[in-house]
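Biologist: I would like to learn how to read the contact between two chains. Could we take it step by step?

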6 protein chains.
Amino acid sequence: MFSFKVDEEVSIELLQQHHKEELYDLIDTNREHLRKWLLWVDKRKSAEDFEPIIPIWIRNYADNNGFDAGIRFNGKLVGMIGLHYIDWKNSTTSVGYFLSEEAQGQGIITRSVSSLLTYLFEQMNINRVEIQCAVNNVKSIAVPERLGFSKEGITRDGQWIYDHYEDLVTYSLLAKDWNNK
Amino acid sequence: MFSFKVDEEVSIELLQQHHKEELYDLIDTNREHLRKWLLWVDKRKSAEDFEPIIPIWIRNYADNNGFDAGIRFNGKLVGMIGLHYIDWKNSTTSVGYFLSEEAQGQGIITRSVSSLLTYLFEQMNINRVEIQCAVNNVKSIAVPERLGFSKEGITRDGQWIYDHYEDLVTYSLLAKDWNNK
Amino acid sequence: MFSFKVDEEVSIELLQQHHKEELYDLIDTNREHLRKWLLWVDKRKSAEDFEPIIPIWIRNYADNNGFDAGIRFNGKLVGMIGLHYIDWKNSTTSVGYFLSEEAQGQGIITRSVSSLLTYLFEQMNINRVEIQCAVNNVKSIAVPERLGFSKEGITRDGQWIYDHYEDLVTYSLLAKDWNNK
Amino acid sequence: MFSFKVDEEVSIELLQQHHKEELYDLIDTNREHLRKWLLWVDKRKSAEDFEPIIPIWIRNYADNNGFDAGIRFNGKLVGMIGLHYIDWKNSTTSVGYFLSEEAQGQGIITRSVSSLLTYLFEQMNINRVEIQCAVNNVKSIAVPERLGFSKEGITRDGQWIYDHYEDLVTYSLLAKDWNNK
Amino acid sequence: MFSFKVDEEVSIELLQQHHKEELYDLIDTNREHLRKWLLWVDKRKSAEDFEPIIPIWIRNYADNNGFDAGIRFNGKLVGMIGLHYIDWKNSTTSVGYFLSEEAQGQGIITRSVSSLLTYLFEQMNINRVEIQCAVNNVKSIAVPERLGFSKEGITRDGQWIYDHYEDLVTYSLLAKDWNNK
Amino acid sequence: MFSFKVDEEVSIELLQQHHKEELYDLIDTNREHLRKWLLWVDKRKSAEDFEPIIPIWIRNYADNNGFDAGIRFNGKLVGMIGLHYIDWKNSTTSVGYFLSEEAQGQGIITRSVSSLLTYLFEQMNINRVEIQCAVNNVKSIAVPERLGFSKEGITRDGQWIYDHYEDLVTYSLLAKDWNNK
């Protein structure tokens, strides 16, 4: 029902209970593609598994503490994007995202993050936006690189993926970077 | 951040903490106009008074139990609209709204409710949408009348307003009415 | 343990855990009779199913927000009666009830509601008492009719019963009606 | 609204919010008399102080964990009686009570406890009922003595009263004592 | 991780999740020995059964309301000791304990309780420490006897053990007893 | 009551309510020294301000999610140390600490962290331990440097301190680093 418009093709929508089949289809048809970087993929085995999670995504938004939302490309659900948290004491947030395999190569995530950045810096006065990716996740890394984020360092063994740890790389963009663009 | 687009001029937005001054201005400049029908108006005495309420509005949405949201007309906050609850056992909801004095006469509420009805009946499979207004609130009553709702009855002394009871009139539109349009 | 005395034959009792078998017997022997108008009947399949519900009935009473209680006729549990909620902002409540098949025809509900009305208007200063019944539930409707309630209107498709919607009729009695008796 | 009938003169009533003035009057006119044995007396300084406590008394009842209720003598509120807890694992409860000064000498507490015992042993299958009194509280001690309780021992410094500790004496009655009466 | 040192051989440790196998072994190898006096023994059927209980033991400590902790003898887990509650209004607490069969006869519990008493009276200003044992539990009773507690009385049928009630004996030590030692 | 022994001079103690004056003295006599790096210092204006915080520190421990505890040097409270959280999904934790001005220069923090590391890697099977310090906090940085942590990167504007942002530097030690020592 409620969406954040990125551009004529792309929008970000707060998903509701009646979207759960659509969401499950997205995950299920991209299982192999997504489980390389996301630990929760194996746990989602039916549309019903999303019933208790959808309210949590929106409750974070209610508490001014981030959100998880769907990405639509020409109306079709093709991925998700969100803010993992908003740390108001330090005015910092962290962006996460994933995209279906077939929707890749059209800049959908880059356009989405770019729009979010405008809102975060200009409407919400956030000072620091962070993106963390597995160091081997080349496509994910391309997003902050393209958007002018600074690479800050490597978190060794930062994330457990099924049977091994991945190192994470941290990128950030500060309000002052944004204003100097 | 997240909006429901009604048409080129009108949108319905889930308000966030950083909208609280804008929201307070709306109430404060329409105090006399609004307190005729709304009991809570006198209790909102500063922008800060909205801090604990804004999360409740969105948490209802998270729980699939309605919402309260702002109405924007060409970007300006001019009113609010919401679903007081969603009774899923009986597939029923109830719409409420108010508009600033200066924004009246342009069909903003009628257009907003009409768009909501489409979403409620077609995306969310609601069976019954109710609107209750004070029997003396002529402008409010005009909305369900214009949209083809049926008048069902009078709730005597249904609402306490500061120093007296108002009778309420109930209008409803059913899924079958909608489909027969 | 705690009862509201209606008259020499009838009393209303806050049911406790040790009444759950007695309560289950009442429901089980009236299953066909009750499921015509009550959606929850099919869900009560053993005395244990009442264990989590009994505390909710009394907690509403603790919170000054209504109650659900048993009706005893010469000591025997023959039905239930309650206030679905108390809306203190508008000083309104709504009465609900059901009776076993064999106890019908002795005015047990009418006498119970009548006693409750005295308490609600005279001790608790309630302004409006509502009774809603399915339009086809002739016996239920007879209660407010007999007690001088006003018929206010029809809620179309107001209640889902297993496989269809029922229209509801709303009756009300106001403090001023009561005082003018 | 809901009462436990002791006899023609005495009843025990679950107090509601609309009884708070009556309850405050009882405490306030017996302040000196009650504060000798009860620590909370000094904290009740207005009828409003009872608003948050009344729901707790009834919620214990909802949770099958005892109750606190008013004692009425010919309709007048003259004291309180309750079960501090019900320990279902060990089938044990503990009775507490107080009476206004002017209502003393008519066996009101003894009659009330006696009726409660019948209900506890015969309807609720409690095995052990305990009464603890300060060793110097002669009137309180007379109740379990009269009802055939056994004296079990002294809890040294068992209760803090404003500026000193009181020793407590424990009396008990078991189901087997009751049945052998 | 966190321990209370009794002496060179004995310490009391706040158990954590990674101790659950060690704890289960203790219970499982002493099942017959422990179930004579402890009702919960039969309910612990695997190390996982301790997962929800361990946090409760420490949360009581967080709330300044007692604790349950392991007893180590030369590093080996041989029993548990705790304060069932701390009643700050009356400055009273109650000590409980059990020991494995093979660790008995070395004064481990007596030394542990003695150290606790020093801390309770001297650091925490507790006025009254209570120990309750089944009247037939000779080894348990020896502990307060040896430490100079006073025997106060018998709680008839005070504890349900699987198929019968046990009488309990209460011992106490007051701050003034401690200071007069 | 419960402590983690570092060596003959140093121990880490779970603080309780009766330590609050001692804790307040530590903060109050080091106010200027501590507020350079800690945002909460200005908010602690009396011993009572610690009453609601002490339970939170221990409840984290109960939930297996880190802790905050006092550091004692020859019995005197000289600082605090803790784990901000334990992320069990990724087997990661983060250590934080502060020391009074006068206790500096004796390796108290380094010895404490070193002991904690042994427990974390060997008893709790943690994979990654992180330390974050402000880049200008030379004394804090010396701790991970001395203990062989790897420097991973800079979090620009990572922490708000009263009137400006500080950059943070992240150090880590992994289980494999520990085992290769």
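Biologist: How much area do chain B and chain A bury between them?

Modeller: Buried area is what two parts lose on being put together, summed over both. In this predicted model, chain B and chain A bury about 2300 Å², and 65% of that lies on carbon and sulfur atoms.

Biologist: Which residues of chain B lose the most area to chain A?

Modeller: Met1(B), Phe2(B) and Tyr61(B) do, and together they make up 35% of what that side buries.

Biologist: How many residues are in contact?

Modeller: On chain B there are 24, in contact with 24 residues of chain A.

Biologist: How many salt bridges and how many polar contacts does the rule find across the interface?

Modeller: For a salt bridge, a side-chain nitrogen of Lys or Arg must be within 4 Å of a carboxyl oxygen of Asp or Glu. The rule finds two across this interface. One of them joins the side chains of Arg59(B) and Asp63(A), at 2.9 Å from N to O. As for polar contacts, eleven residue pairs are found between chain B and chain A.

Biologist: Which elements of chain B give two or more residues to the side that touches chain A?

Modeller: They are β1 (3-5), β2 (10-13), α3 (53-62), β3 (67-73) and α4 (108-122) of chain B. The most comes from α3(B), with five residues.

Biologist: What classes of residue make up that side of chain B?

Modeller: The side of chain B that touches chain A has 14 nonpolar, seven polar and three charged residues.

Definitions and conventions: Residues numbered from 1 in each chain as written. Chains lettered and ligands numbered in written order. Predicted model: local features only at pLDDT ≥ 70, side-chain atom pairs only at ≥ 80, totals over all residues. Heavy atoms only, no water. Contact = heavy atoms within 4.5 Å. Buried area = accessible area lost by both parts, 1.4 Å probe. Polar contact = N/O pair within 3.5 Å; in protein donor to acceptor, adjacent residues only side chain to side chain. Helix = DSSP H or I, 4+ residues; strand = E, 2+ residues; numbered from the N terminus. Nonpolar A, V, L, I, M, F, W, Y, C, P; charged D, E, K, R; others polar.
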